[in-house]
Amino acid sequence: MNLTGIFYGDSRIFEFKSAIKELKDSEKINLNIFCFDVIKVNSDKNIFQEMCSRLKDSDAVIMHFHGSSAHLQNLETVIRIIKGKKIFFDCSIPEEIRSIMSYSSIKPEEYIRLLTYFKAGGTDQITEFIKLFSNITIGTNYILAPPKERKAIGIYKDGHLLNVDEEQKVLSDIANSNRNIIGLVAHYPFLLNQNMRHVDAIIKELENQGADCLCIIGRLGPQDNDGVLQAMEKYFYFNGKLIIDAIILTTGYTISSYYQNEFKNFIHSCFENFNLSVFQAITSYLSKEEFENSPSGLDIASVSLNIYQPEIDGQIITIPIAASEEIEKDGIVGRVFVPITERVKVLCELVNRFAQLKNKKPQERRVAIILHNYPPRNDLIGSAHGLDTPNSLWNILQFLKEENYNLDFNFLNGQEIIDELIHRGTNEWKWTSPETIWKFKADKVSSKTYEGWYKNLPEFNRSDLKQKWGNPPGLSMLMNEHIVIPGIINGNIYIGLQPARSPEDAVVETYHDTHNPPPHSYLAFYKWIDKIFKADAVIHVGTHGTLEWLPGKEIALSKESYPDINIYSIPHLYIYNLGILGEGMQARRRSHAAILSHLIPSFTDSDTYDYLHEMEEDLEKYEHAKQSAPSQQDTIIQDIFKLADEHSILKDLKIEYEDAIKNPEQNLILIHNWIHKIKNSVVRDGLHIYGKVPEKKRLLQLVRGLSVIGQEDTEGLEDSIIISLGHNPKDIRKNLSDTEKNNFNEYKILEEANRIAEQLINEINEIEFNESFIDRLPFFQNNKSNNSELKKTLKFICREVYPRLIQTDDEKRFLIKGLNGEFILPGLGGNPSRGNIKLLPTGRNFYSINPEEIPSKAAYETGKKLAEIQLKAYYREHKAYPKNIAIIVYSTNTMKTYGEDIGEIFFLMGVRPLYIKNTQTVCGVEVISLEELGRPRIDVTMRISGLFRDSFPNLIFLMDEAVNAVAFLDEDDEMNPIKKNIQETIKKFVDEGIHPDKARDRASVRVFSAPSGTYGAGVANLIESKKWQNFEDLAEAYITWSSHAYSKKFHGEKDTRAFENLLSKTDMTIKNEVSREIDLLDCDDFYNYHGGLIAAVTAKSGKKPYVSVGNTADINIPETMTLDQETARIMRSRILNPKWLEGLKEHSYKGAQEISKVMDNIFGWDATADNVENWMYEDFANTFLFDEDTLNWIRSVNKNAAYQISERLLEANQRKMWDAKPESLEKLKRIFLDMEADLESYGE
């Protein structure tokens, strides 16, 4: 019998090889077995080809995977080869087992018998497995010994499982111990195959650190009596009392999903009942040498097993404590884990410190609370997306006070905290005298003390820091030969500002040099927190800081990784916006953070105001005049066009005034639809305050806003009302998506639905959201027909939406639990506004989705729709399809949408994803024929974020497969520009003397990003520094940071020529958004990545590309706009909307900060993409600086913001980005000088 085994880095290869040797010796069996390690197969094309050859000749096939079979690249090829053979397949995903086994010719009862021997394990049982497989496959008649029942559960000590008496003795001793007790969980097959070196190392190190370790063994999977969960429940209690303080798992996987027999998004964590901090100790199938050299530190399967899956359980993701090594035993070579000693030490320190939190009284705990401050300006202290950071900090201090933490004094509110921080001196020393800084600092670190810490750093980091920042202690934050630690010490609580990522005068260096370690002062700050302040825990407040983005390994941190050097072994809690999922994952994975999610801000309809309201009324008059007073039409038309011209509405729509007059009917339709597009946008109403349930109006707005999209089997609120009114909501929304059609009637229906929605939310509020009283609502007394869908939706709101929102105070509960060293419940992260109400309540340690299921089938279809409408929009303007598109892809949006961007890219290229039969697991791509596609293929270049690179290596490989699937098809060049571009580039490279294989590999790369282990695009920092001359400088910075190639063959190698070549051909750029409440003026990342791309394409192609902004907030009807239109929409619907300003005024300092940040983002976009019109600057200045009441408010709560806004506007004028009116310029200069004088006097 010819038998081929495919294993993922598995020590069970020992078992099979040993069993075969024994069989050949004892039974004289005619058996040929060939074992292949997936890690080697994936990395070497020759090994893959050899494996395929062996599979073709095999009678039987064994496939055993940790995690998903999708970790085997080109899985679809393997399935085609083995289909119909005798296949035995086992992995950790039940759906995949069923799917792969459907290709096998063995019977279900045969599989169960084989599985019994396989699960028992050990050489003797695998011997019986092979004999049984032989009987099944080639009809031999080997006599089988019955399956053995092994003891697979127990307490592990001194290299073996204890007997019952020994177990009781150990449990009794531990129950009476006064040391930290750490539960350690290991997988039974590791013990069976003598693969326990890493487990032994943890036990030994815990004991060295003064803790007791209770190591238990069990199987993975829903076992009746010997699973790891049964082991934990049996041995972590003694006489009914929990006896451990924390749990370390070395098993990988999601234990909870095993016991619920499926992988899904919303599960009950099996660790909740233990109510302890739980830690995943990472193991890698890479060798130690491979680990050191690997940019990520992990092979692709280990990322899933040690990162993605444990996150679902709520485990704290730590560091790699073991690599693997091939060892020889009795002439047989196999792979075992070997400990990384230094990493084991850090893990044990971290776990011990969490255990210590549990055993320390609150009044004894020391807590460092850190506010983000990047860029390091005094108007941006506590800069966090969607969060009122100062008042959230004030709330947190109240929570701690209630729990008896030691605080010496109180603050009145968050504003007082910020004022005190600024008065004492911050990261920005421009406005504060040296005497004040020195007098009011929180503490200082002497040069001698820091040099001692520096000397203990790894040699690489010492050299790196010295080369970049000079000898320690450097110059940043240095005063009187000490590094200053700004902030406030209040009893046992320290309130501080995260240090500057790099000194201001070093920004230009990063323009050309992408390697940027943090300065000495950054390291000194975190070492001070750890070693001098002696923090028991750190809380980072808000989304997001810089710690988790420091250089180092991408996901499995080594001792040389800067995030690890800084946070080291301090227990770390991180308050994070629920909707900013990807960045939160970065904090979990690169700083062992336990996330505490917070609610998104309340939002409401933008409506119309001022001239928009006047135009809306005139448009309605015109519609009525057409029917009842035709003689009035001309006058109304003139009024509308005059207003539209005066306020640049015509410019939004690219309509000339003369053309509007000549063709009034069609242009009035365009204006009408545009006004209603603005009106039906959303605007945030203030900010969230951590731990606080939204009050009154804001709560009801959120109830309504989170009910817009249908979920489960209910319609969205407005859609169910439209049904009640006798219309089809899909037809209404489809018509509204056509901006050139007269949608007056559809908008009237939508407005009526919106009005009724607000009425109904108020009515169900009056009945306290009691669904049993729905029928009694006043609305239904007057509207008695066709209400079944509406009532169903209202009951869902009462049952699901409202109760989850009022549990927002869970944010407080889980913060306190985290500081107690207790378990923080896990929950899926994302946008609740996309029909995902079950993402609430907040306060959870959020997790992401399974990357092996991206793009999902639904996401591919949504991406396909989005591609179709974006291509249609391009075609309408250019009368041709684009040949080359560049697209920005973020990790966060990929996680939230299950890969809609990837689905769009595939469809643009003319491929579709392949799935393992009857599952959502992606296993490859297939080509869509040109006949089916109905248009040319499009060459797509991806500029991915560094976080996407770290999170989705599988998608980089999948993109590589997609490119190669279409690049060499027998198709006309005009129908396949991918093929044309690659062939031309290959020829160019070969003509230059590059080897054809290397030329092909380079020419085929379509994924680019920042260098491995770094993040960003280089543009925002350069703009902030003001040390640039023109957009070409910004383009050069972008290319420097972005021209690093990623594929199966490359991981971050710089290939500027290949990247610039693709940019030079780019016709269109795309960046899609996925929700209604976040837009491109929210964050500098948007212009840093997409604006930078536009600048780079313009610089290299000589023309500005067509720029498309898609949105899939409603996946049923994706939308697209040009960048210019989207910018105008946001300015009119949000930024200049009185609702936005009024909401911000309730948040004092942070409210004014939001205005300052938006000004930065407007400026950044204009600098890179030239998309900001004069009217936008004028109206911004008029709204926020030239209105006396608003200016006085900003000055009173955040005078630095008034200074920064006026300075930025003056810079825009000086750079000729804004042609300011003379009177506006004079006003700005006066305000700027007034603010400068004010700040100088304040800092004296």
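Ser 1075 sits in the loop between β35 (1068-1070) and α48 (1084-1101); helices (H or I, at least four residues) and strands (E, at least two) are DSSP runs, numbered from the N terminus. This is a predicted model, in which local features need pLDDT of at least 70 and side-chain atom pairs count only at pLDDT 80 or more, while totals for chains, interfaces and linings use all residues. Residues are numbered from 1 along each chain as its sequence is written, and side-chain values use heavy atoms, with hydrogens and water left out.

- Ser 1075 counts as buried, at 2% relative accessibility; buried means under 20% relative accessible area, exposed over 50%, and partly exposed in between (1.4 Å probe, protein chains only).
- Not counting residues up to four places away in sequence, Ser 1075 touches Asn 831, Ser 833, Asn 1111 and Ala 1113, where contact means heavy atoms within 4.5 Å.
- Leu 75 belongs to helix α4 (residues 75-82) and is buried, with a relative accessible area of 0%.
- The contacts of Leu 75, leaving aside neighbours within four places in sequence, are Met 63, Ser 69, Ala 70, Ile 916 and Cys 923.
- Leu 75 and Tyr 522 are separated by 447 residues in sequence and by 46 Å in space, C-alpha to C-alpha.
- Phe 846, in strand β27 (residues 845-847), also has a computed place in the interior: at 0% relative accessibility, Phe 846 counts as buried.
- From Phe 846 to Tyr 576 there are 270 residues in sequence and 9.2 Å in space, C-alpha to C-alpha.

**Nonpolar cores**

- In soluble globular proteins, nonpolar side chains tend to be buried together.
- A nonpolar core is here a set of buried Ala, Val, Leu, Ile, Met, Phe, Trp, Tyr and Cys residues joined through side-chain atoms within 4.5 Å.
- The largest nonpolar core has 213 residues, and those with the most contacts inside it are Ile 649, Ile 671, Ile 764, Leu 794, Met 942 and Ile 1155.
- Helix α53 (residues 1188-1214) supplies the largest share of this core, 11 residues.
- A second, separate core has 162 residues, including Tyr 8, Val 38, Phe 129 and Ile 203.
- Ile 764 touches Phe 769, Ile 774, Leu 777, Leu 794, Ile 797 and Cys 798, again not counting residues up to four places away in sequence.

**Helix α30 against helix α35**

- Helix α30 (residues 696-705) packs with helix α35 (residues 788-805) at an angle of about 135 degrees, with the axes 10 Å apart; axes are lines fitted to C-alpha atoms, for helices over the stretch in contact, and angles run from 0 to 180 degrees between N-to-C directions.
- That angle makes α30 oblique to α35, since angles under 35 degrees count as roughly parallel, over 145 as roughly antiparallel, 65 to 115 as roughly perpendicular and the rest as oblique.
- The crossing of α30 with α35 is right-handed: a crossing is left-handed if the near helix is turned anticlockwise from the far one by less than a right angle, and right-handed if clockwise.
- On the α30 side, Leu 699, Leu 702 and Val 703 meet Ile 797, Val 801, Tyr 802 and Leu 805 of α35.
- By class, the residues of this contact are 7 nonpolar, no polar and no charged; Ala, Val, Leu, Ile, Met, Phe, Trp, Tyr, Cys and Pro count as nonpolar, Asp, Glu, Lys and Arg as charged, and the others, Gly among them, as polar.

**Helix α16 against helix α36**

- α16 and helix α36 (residues 810-819) pack at about 60 degrees, with their axes 11 Å apart.
- The two helices, α16 and α36, are therefore oblique to each other, and their crossing is right-handed.
- Ile 396, Phe 399, Leu 400 and Glu 402 in α16 meet Lys 812, Leu 815, Ile 816 and Leu 819 in α36.
- This contact of α16 with α36 has 6 nonpolar, no polar and 2 charged residues.

**Backbone details**

- Tyr 374 and Pro 375 are joined by a cis peptide bond, with omega about -5 degrees; Pro 375 is in the loop between β15 (367-371) and α16 (389-402).
- The peptide bond from Thr 543 to His 544 is also cis, with omega near -10 degrees, and His 544 lies in the loop between β21 (537-541) and α23 (562-567).
- Gln 194, a residue other than glycine, has a positive phi near 55 degrees and is exposed, with a relative accessible area of 53%.
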